[in-house]
Amino acid sequence: MGRLRALIGRGLGLALLLTVPTMSIAESALPSRATPALWRVHNGTSTVYLFGSLHILPRGYAWTTPEIERAMNASDLFIFEVPVDETALQDQKAFIIEHGLLPLHQSLRSLLSTNEFQAYSAVLRRAGLKPELFEHYRPWLAAVMVGLAYLHRDDLVTLKGADDDLMAYARDHGRKLVYLESIRQQMELLTAGDDNGHLKALKNLIVTLPRARTQEKELFETWSSGDAARFTALLDGYFKGRPEAKDFLIDRRNRNWLEPLREALGRQNGTTMLTVGAAHIGGENGLLALLCGEGYDVERVGERGEPAAKVCGAGA
């Protein structure tokens, strides 16, 4: 598998293949100027910057803004979803060996129809992969691989997102890094359900892969422009009719992350930058709404010298 790092927490960008496409904009014109949204949460002398990342971005894409860079400089603690270091990669590999391979007597060639297996193999082949090496993957892992290969066939081994850049900055500047989940916890989200459900999802994915092109372009452009309301609306549309999937993949995890956020907001004179997938930020069960429900002062950081916009709290 090499360093196909998107298998680990690249936001569960690939877990959302059942509902939301992962991001690949290699074949689209890139926005000339990125202005992704940034929020600031206050509690006494403590500050938390909240940033919603895309876990996979076009190679070399300049996504930061002066406001984001100032938040990075000011932060002494950085919080991310999941580590992506060598230890995490080894944990991922062990998990896949344990949970990602079919029994010896089974293969995708026998589980898929002839046309489905040919389509699956063709996508892998166009990405420079040998289909026979992926024939014994369980359907959940096969779905991850075929999604990656379809949307990222030219840069499979160099996938990076905004959080990768932020992690590198934190390490290079000697800042403390904390993670909300372990690699095993995120991989367990990918394997939830049964083999029949995973197989059905893989079959559906093979047929609907072309649709992802338009969807991922919409999400990327909306994120890059900082249109948080539209980004949330797009996600709600993708999850329409699947509230249990949204609760499992996003809402429940948001609730679990509240306690680490409380701890960060309790650090006297501390400044924290918390980066999670952009899907976790907005909406009625998003982190912004949860923080407002806790009584914190939340504001969106202004751009180019503009004043901050209150989301909730004093003066909202």
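**Figure 1. Contact between helices α2 and α7 in the predicted model.** In this predicted model, Ala88, Asp91, Gln92, Phe95, Ile96, Glu98 and His99 of α2 meet Ile183, Arg184, Met187, Glu188 and Thr191 of α7. Sorted by class, this contact comprises 5 nonpolar, 3 polar and 4 charged residues. Helix α2 spans residues 86-99 and helix α7 spans residues 183-191. Their axes come within 9 Å and cross at roughly 35°. The crossing in which α2 passes α7 is right-handed.

**Figure 2. Packing of helix α5 with helix α8.** Helix α5 passes α8 in a left-handed crossing. On the α5 side, Pro139, Trp140, Ala142, Ala143 and Val146 take part, and they meet His198, Leu199, Leu202 and Leu205 of α8. This contact of α5 with α8 contains 8 nonpolar residues and 1 polar residue, with no charged residues.

Figure 3. Strands of a sheet pair through backbone hydrogen bonds, either parallel or antiparallel.

**Figure 4. Strand β1 and its two antiparallel partners.** Strand β1 (residues 38-43) runs antiparallel to strand β2 (residues 46-53), and 6 bridges join them. Within this pair, tryptophan 39 stands opposite leucine 50 of β2. The two strands form a hairpin with 2 residues between them. Glycine 44, in the turn, has a positive phi of about 65°. Strand β1 is also joined to strand β6 (residues 297-300) by 4 bridges, and this pairing is antiparallel. Histidine 42 has aspartate 297 in β6 as its bridge partner.

Figure 5. Threonine 271 belongs to β5, which covers residues 271-277. Its relative accessibility is 15%, so threonine 271 counts as buried; the cut-off for buried is under 20%. Residues up to four places away in sequence are not counted here, and threonine 271 touches Thr47, Tyr49, Ala74, Ser75, Asp76 and Leu77.

Figure 6. Asparagine 269 lies in the loop between α11 (243-265) and β5. Although it is not a glycine, asparagine 269 has a positive phi of about 60°. Most residues other than glycine have a negative phi. The relative accessible area of asparagine 269 is 61%, so this residue is exposed; exposed means over 50%.

Figure 7. Glutamate 116 is found in α4, residues 114-126. With a relative accessibility of 16%, glutamate 116 counts as buried. When neighbours within four places in sequence are left aside, glutamate 116 is in contact with Lys203 and Ile206. The C-alpha atoms of glutamate 116 and asparagine 204 are separated by 9.7 Å, and these two residues are 88 residues apart along the chain.

**Figure 8. Overall setting of the close-up views.** The secondary structure of the protein comes to 12 helices and 7 strands. Of its 316 residues, 55% count as buried. Among the contacts in the protein with a separation of 6 or more, 80% are accounted for by residues 24 or more positions apart.

Notes:
Residues numbered from 1 in each chain as written. Predicted model: local features only at pLDDT ≥ 70, side-chain atom pairs only at ≥ 80, totals over all residues. Heavy atoms only, no water. Left-handed = near helix turned anticlockwise from the far one by under 90°. Contact = heavy atoms within 4.5 Å. Nonpolar A, V, L, I, M, F, W, Y, C, P; charged D, E, K, R; others polar. Pairing = 2+ DSSP bridges. Buried < 20%, exposed > 50% of the residue type's maximum accessible area, 1.4 Å probe, protein only. Axes fitted to C-alpha atoms, helices over the stretch in contact; angles between N-to-C directions.
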